[in-house]
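Thanks for making time for this.

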Amino acid sequence: MIYSVSNHKGGVGKTTSTISIGAALANKGKKVLLIDLDPQSNLTQSLSIKNIQISIYDNLKGEKLVNTIEYRNNLYVLPSSLDLSAAEIELSSEPGREYILKDILAPLKNKFDYIFIDCPPSLGLLTINALTASDYVIIPMQAEYLPLRGLAKLTEVITKIQNRLNHNLQIGCVFLTQYDARKVLNRDIAESVLEFFGNKFLNSKISNNVALAEAPSQGKDIFLYNKNCRGALDYEELWKDLLKPKEKTTEKELRATFIVKHSNIEKLKAIAYWERKSIKKVLDEALGAYIELYEKTNGTIQIPK
Ligand SMILES: Nc1ncnc2c1ncn2[C@@H]1O[C@H](COP(=O)(O)OP(=O)(O)O)[C@@H](O)[C@H]1O
Ligand SMILES: [Mg+2]
């Protein structure tokens, strides 16, 4: 399974999330590869990976040997280098330029349980290569500013890639990082993102936690740095939420939500008429299903349009 961690805004927690989710899965015995596709090499540096003979840049330029470096048990890194900043331009005239990474990863896909690609903060050719190679895109975002317009741009690119380059690509999830529930703005933004993404928006949020910012200076992932800190616990919750199969909302439940949200006596009368039930029974059933759905989704139900 290949996941791109993407958001064209910088500083939203892509690199931190790539490392932390990957490390959490490695702790569970899964074999994980992290790919640093950002020319700034933050992931490579955060894990203090040095003496890089071959980087992802060399592979994109045609080098066949893929240098997966074992960082710790089950956790491997395909490092970046500063040369990667030239790749966008150098590869732009290659035929099939969007598929280069997909071809590189094809032989690796079966060797790892999970591959995570840390994308650069742009929607250029490197990100397009990542999305073309991926099964899922996961989108970390900060709740500090109103991000919906930027997200619309990202979802537009994802839709184009789904239509033209990779029919399999799905939005895996959207989640908030550096979250502070005490801030009203954070809570407001969480609500608008929920409306925008519905059940793709994860309930789990990553708190603002200084240990997450400190760990890279020691070349450690958060679990090696301090496995009991808030950040480690949050990422531990997040990957479970991320991999949990999304429950399909049933027709009945969707209709119940609709009724509760938009109910007026005329609509209820019409439904009662068509279903040969009393209005009270229609409302009771709808409310029952609504409450069940509300509890099942921890309060994040999707209201149908
Ligand atoms: N939950 C968090 N709490 C505190 N600091 C964080 C958190 N997540 C990331 N950071 C810090 O914020 C900065 C940006 O995060 P980073 O993961 O590099 O974002 P991106 O890869 O999207 O640019 C880094 O210095 C990182 O250590
Ligand atoms: Mg980064």
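Helix α11, residues 230–243, has 14 residues and reaches 20 Å from its first C-alpha to its last, which is close to the 20 Å expected at 1.5 Å a residue, the expected span being 1.5 Å times one less than the number of residues. Helices here are DSSP runs of H or I with at least four residues, and strands are runs of E with at least two, both numbered from the N terminus.

Please keep in mind that this is a predicted model, in which local features need pLDDT of at least 70 and side-chain atom pairs count only at pLDDT 80 or more, while totals for chains, interfaces and linings use all residues. Residues are numbered from 1 along each chain as its sequence is written, and chains are lettered from A and ligands numbered from 1 in the order in which they are written.

Which residues of α11 are buried? They are Gly-231, Ala-232, Asp-234, Tyr-235, Leu-238, Trp-239 and Leu-242, where buried means that 20 or more other C-beta atoms, placed from the backbone, lie within 10 Å of the residue's own, exposed means 12 or fewer, and partly exposed is in between. These residues cover an arc of only 155° around the axis, and therefore lie on the same side of α11; the arc is that of the directions from the helix axis to the C-beta atoms. What covers them includes α1 (14–27), β6 (136–142), β7 (170–177), α9 (210–214) and α10 (222–226).

Arg-230, also in α11, counts as partly exposed because it has 16 C-beta neighbours inside 10 Å. Arg-230 touches Ser-207 and Asn-209, leaving aside residues up to four places away in sequence, with contact taken as C-beta atoms, placed from the backbone, within 7 Å.

Turning to the ligand, 18 residues surround ligand 1, and the closest are Lys-14, Thr-15, Thr-16, Leu-212 and Ala-213; a residue is counted if its C-beta atom, placed from the backbone, lies within 6 Å. α1 and α9 each supply at least two residues of this shell, and α1 gives the most, with three.

Finally, two backbone points. Asn-74, in the loop between β3 (69–72) and β4 (75–78), has a positive phi of about 75° although it is not a glycine. Gln-178, in the loop between β7 and α8 (184–197), likewise is not a glycine and has a positive phi of about 50°. Gln-178 counts as buried because it has 22 C-beta neighbours inside 10 Å.

Terms used
Two residues are in contact if their C-beta atoms, placed from the backbone, lie within 7 Å.
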